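Hi,

Here is the structure I promised to pass on. Have a look first, and my notes on what turned up follow below.

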2 protein chains.
Amino acid sequence: MSAINIPMPREQLERIVRQVVRQQFADRLASGEQQLAAAYTPNLVVNTSARHMHITPDDLKTLFGPDAELTVFRWLYQPGEFASEQRVSIIGPRRRMIENVRILGPARKESQIEISGTDAIALGIKAPVRPSGKTDGTPGCLVVGPVGTIELPRGVIRAERHVHMTPTDAAVYGFTKSQYIKLRVHSDSTTTFEKVLCRVDEKFLLEVHVDTDEGNACDLANATGVELMA
Amino acid sequence: MSAINIPMPREQLERIVRQVVRQQFADRLASGEQQLAAAYTPNLVVNTSARHMHITPDDLKTLFGPDAELTVFRWLYQPGEFASEQRVSIIGPRRRMIENVRILGPARKESQIEISGTDAIALGIKAPVRPSGKTDGTPGCLVVGPVGTIELPRGVIRAERHVHMTPTDAAVYGFTKSQYIKLRVHSDSTTTFEKVLCRVDEKFLLEVHVDTDEGNACDLANATGVELMA
């Protein structure tokens, strides 16, 4: 399950080029040219993640049929990540349903559903705040696709706030991998989100992910500025 | 339009008694016994306000019939305020409807609807962040009751975060009326909300109101602590 053969838009390609430049920069930083830090301004982006599902190849087959593949609806900011055209409905113990939950690609080793606190209340699912992939002891739900249904045994979470960054970005900010930092969003509803997990990888672009409750609580769509702090 | 003749629960009466005691305390503070401040610990409560409507007597008649009165469903924390049994549906320009929006009593001089950012997006209404009552230039919506319908010309807002407090509480914290302060909620999703408006009145009990997006964003239901800061 991959996004091979799906054309990437120019914007996405440009990001990847910038990524290569950034990597070269990181290498020079690492080799001791510390004065470069002063010349480098990270391009901080904050995006809202709507409710979504990550899926295994097997679960995709069950829900969409044996020949199903994820197809790109929209490329996401992180290179290689995409919102797929495939959507499911999810049902919780209150027998309420949320429709049109998009699957994000590429496929993963474990299926997982990320919802907001508002969604969790609507569905009646006590979804804990967890980093992606840490699904031990989390509740499951019923997932309905056009061909079949699965009873996901676990994996319904509220995604822990996190920021993707390169080692260069981390160096410039003075953050370390897995550190919790803060995000301040300036708006009519200025808000500082704490416990934002630093995820550092050379393949990442600098981007904070918050959920829809968080994005709406701070009026992110009308924000006048964003900043990261230790 | 009032809540006369509706029995108040014991809990509500106890709050009012505490309020009188607090007022006496305030008077002594004001007369110069500043050392009292050290002995007084404010009882800070943070509550989530779900979407709701405030209504004029005329609009109530239009929606619920000429003899309609607001009847108490549940007393709220602030003395005299209540969630009524009367509910309406609201419809925005996307022709999507939100049902079961509760009217809060007592009736007011102007009808007003307070929704969350998530609701605003669902309805397609660009509701600005406003303190209650400041509805000039705000959008309206269609309001549907069991008897009639009104086209509210304005008054759909996202309520500005605010804290109700007595002059005593304000003195203890060192806050002044109309000052913007901060609320920090400690949880798995620790969050500091800024631009929290201080509303000071001798009739108030100390209580912060946030909307459902804000309450869910900071996981208020599972919070381990709350604090106010300048």
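Let's start with the contact: 22 residues from chain A and 22 residues from chain B take part, where contact means heavy atoms within 4.5 Å. Before going further, the ground rules: this is a predicted model, so local features need pLDDT of at least 70 and side-chain atom pairs count only at pLDDT 80 or more, while totals for chains, interfaces and linings use all residues. Residues are numbered from 1 along each chain as its sequence is written, chains are lettered from A and ligands numbered from 1 in the order in which they are written, and side-chain values use heavy atoms, with hydrogens and water left out.

**The interface**

The two chains, A and B, bury about 1,900 Å² between them, with 38% of that on carbon and sulfur atoms. Buried area here is the accessible area (1.4 Å probe) that two parts lose on being put together, summed over both. On the chain A side, Glu194(A), Lys195(A) and Asn216(A) supply 26% of the area that chain A buries against chain B, more than any other three residues.

For polar contacts, I get 24 residue pairs between chain A and chain B, both residues at pLDDT 80 or more. A polar contact is a pair of N or O atoms within 3.5 Å; within protein, one must be able to donate a hydrogen and the other to accept it, and residues adjacent in sequence count only if both atoms are side-chain atoms. Which elements of chain A supply at least two residues each to the side that touches chain B? They are α4 (117-123), β13 (191-200) and α6, and β13(A) has the largest share with 5 residues. Helices (H or I, at least four residues) and strands (E, at least two) are DSSP runs, numbered from the N terminus. By class, that side of chain A has 5 nonpolar, 8 polar and 9 charged residues. The classes go like this: Ala, Val, Leu, Ile, Met, Phe, Trp, Tyr, Cys and Pro are nonpolar, Asp, Glu, Lys and Arg are charged, and the others, Gly among them, are polar.

**Salt bridges**

One to look at is Arg184(A) with Glu194(B), whose closest N and O atoms are 2.6 Å apart. Arg184(A) sits in strand β12 (residues 180-186) of chain A and Glu194(B) in strand β13 (residues 191-200) of chain B, so this pair joins two chains. Arg158(A) and Asp219(B) also meet through their side chains in a salt bridge, at 3.4 Å from N to O.

**Pocket and cavity**

The second largest pocket holds about 390 Å³ of space. Its lining has 18 residues, and the closest to the centre are Asp219(A), Ala221(A), Asn222(A), Ile121(B) and Arg158(B). Two elements give two or more residues to that lining, α6 (212-217) of chain A and α4 (117-123) of chain B; α4(B) has the largest share, 3 residues.

There is also 1 cavity of 30 Å³ or more, with about 110 Å³ of space in the largest cavity. Of its 16 lining residues, Ser49(B), Glu114(B), Ala159(B), Val210(B) and Asp211(B) lie nearest the centre. Strand β14 (residues 207-211) of chain B gives the most to this lining, with 3 residues.

For the grid details: on a 1 Å grid over the protein atoms alone, a cavity is a set of points where a 1.4 Å probe fits but cannot get out, and a pocket is an open set with protein on both sides within 12 Å along at least five of seven lines; lining residues have an atom within 4 Å of a point. Grid points are joined across faces, edges and corners, and a volume is the space filled by probe spheres set on the points.

**Backbone**

The peptide bond between Gly105(A) and Pro106(A) is cis, with omega about 0 degrees.

Cheers

Terms used
Salt bridge = Lys/Arg side-chain N within 4 Å of Asp/Glu carboxyl O.
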